[in-house]
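Me: Please take a close look at one helix-to-helix contact in this model and describe it in a connected account.

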Amino acid sequence: GDALDAADMTNLLDRRTEAAIKRGLDALKKTQQRDGQWGRPEDKNREAYTAVAMIAFMMNGHFPNKKPPYGETMTKAVNALLRAGKIQFPGYMGNIMYAPGLCTVALSEVWGHTEKDDAVRDALKAAVKVILGAQNSGGGWRYNPVPAGHDVSGTAMQVVALASARQAGIFVPDDTVNRGVRYLTLAHQTADGGFAYMPGPGKSGFPRTAAACTSMMMLGRHEAPEVKAGLQYLRKEAAGALKETFAWSYAMYYMTIAMNLSGPDNFKWWYPQVRDVLLAKQTADGFFGQRSEYDTAVALVVLSMPYGFVPTYQR
């Protein structure tokens, strides 16, 4: 079948993993700042960390409300993002385009699971407008909320964000999506099946190939030849990347979503490998690696993938 059945789920999620997820969520709850965000106040990526932490809670069925243990944690986080969206200019949360992209994914999920709160909808619409306005003439995005540069990694993030906003019922023009996909396909490398950092001939990389395949599948392009070749490249490179790759957490995040979107066989092959590596990284205080809230939030999103609570990441 297309989805993991109950038996598969039980095999993938053992007590050890469930306990690790709970310890990780508790660690994040403890380190949430008073303003509802994660990360030190001087950190420029706080909104991105906050969005990934929110996704980790939601993947375990925890949404903004008054319910213990994490309902209030989520309420504070949502309010923090709503405030952040009003500081620089409407809808622009964070300092580089990854942050508004991740915030859009997080708010799309919140909007889908709460009483359709007007403030969340308005923030989502504003965030989508920022993303739409930042696409450059070639269909790509880069780091800044203006249509200047472009790269595969930045473009994949915005395509993922637009796919999840669209799923939540926010209008996203087909033309924007099609130009984004075309941009990504131009960076595909026929020699090895991977994706380069920019369109044209270049060096394929594991993290960006995972991101490109994920974003194209989220828009329903599972059968595109570039995606099929990209998935083969990812399977071939997976063992090496698990040990070490540039932007490791980012790579594991997209690889796990890509394997989930591409079907149960890929996911059943991949998940136990990444799960075991992550469980070995968790420290006694519940964090993964060096007390990094970002790495911990990403690890929790990856470990929680079999639960399937966040529909954006499901096939």
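Reply: In α9, the residues F206, P207, A210, A211, T214, M217 and M218 meet Y250, A251, M252, Y254, M255, I257, A258 and L261 of α11, where contact means heavy atoms within 4.5 Å. The residues of this contact of α9 with α11 divide into 14 nonpolar, 1 polar and no charged; Ala, Val, Leu, Ile, Met, Phe, Trp, Tyr, Cys and Pro count as nonpolar, Asp, Glu, Lys and Arg as charged, and the others, Gly among them, as polar.

The model is predicted: local features need pLDDT of at least 70, side-chain atom pairs count only at pLDDT 80 or more, and totals for chains, interfaces and linings use all residues. Residues are numbered from 1 along each chain as its sequence is written, and side-chain values use heavy atoms, with hydrogens and water left out. Helices (H or I, at least four residues) are DSSP runs, numbered from the N terminus.

Two packed helices are described by the angle between their axes and the distance between the axes. The axes of α9 (residues 206–218) and α11 come within 8 Å and cross at roughly 40°; axes are lines fitted to C-alpha atoms, for helices over the stretch in contact, and angles run from 0 to 180 degrees between N-to-C directions. Helix α9 is therefore oblique to α11, a term for angles that are not under 35 degrees (roughly parallel), over 145 (roughly antiparallel) or 65 to 115 (roughly perpendicular). The crossing of α9 and α11 is left-handed, that is, the near helix is turned anticlockwise from the far one by less than a right angle.

Definitions and conventions. Helices (H or I, at least four residues) and strands (E, at least two) are DSSP runs, numbered from the N terminus.
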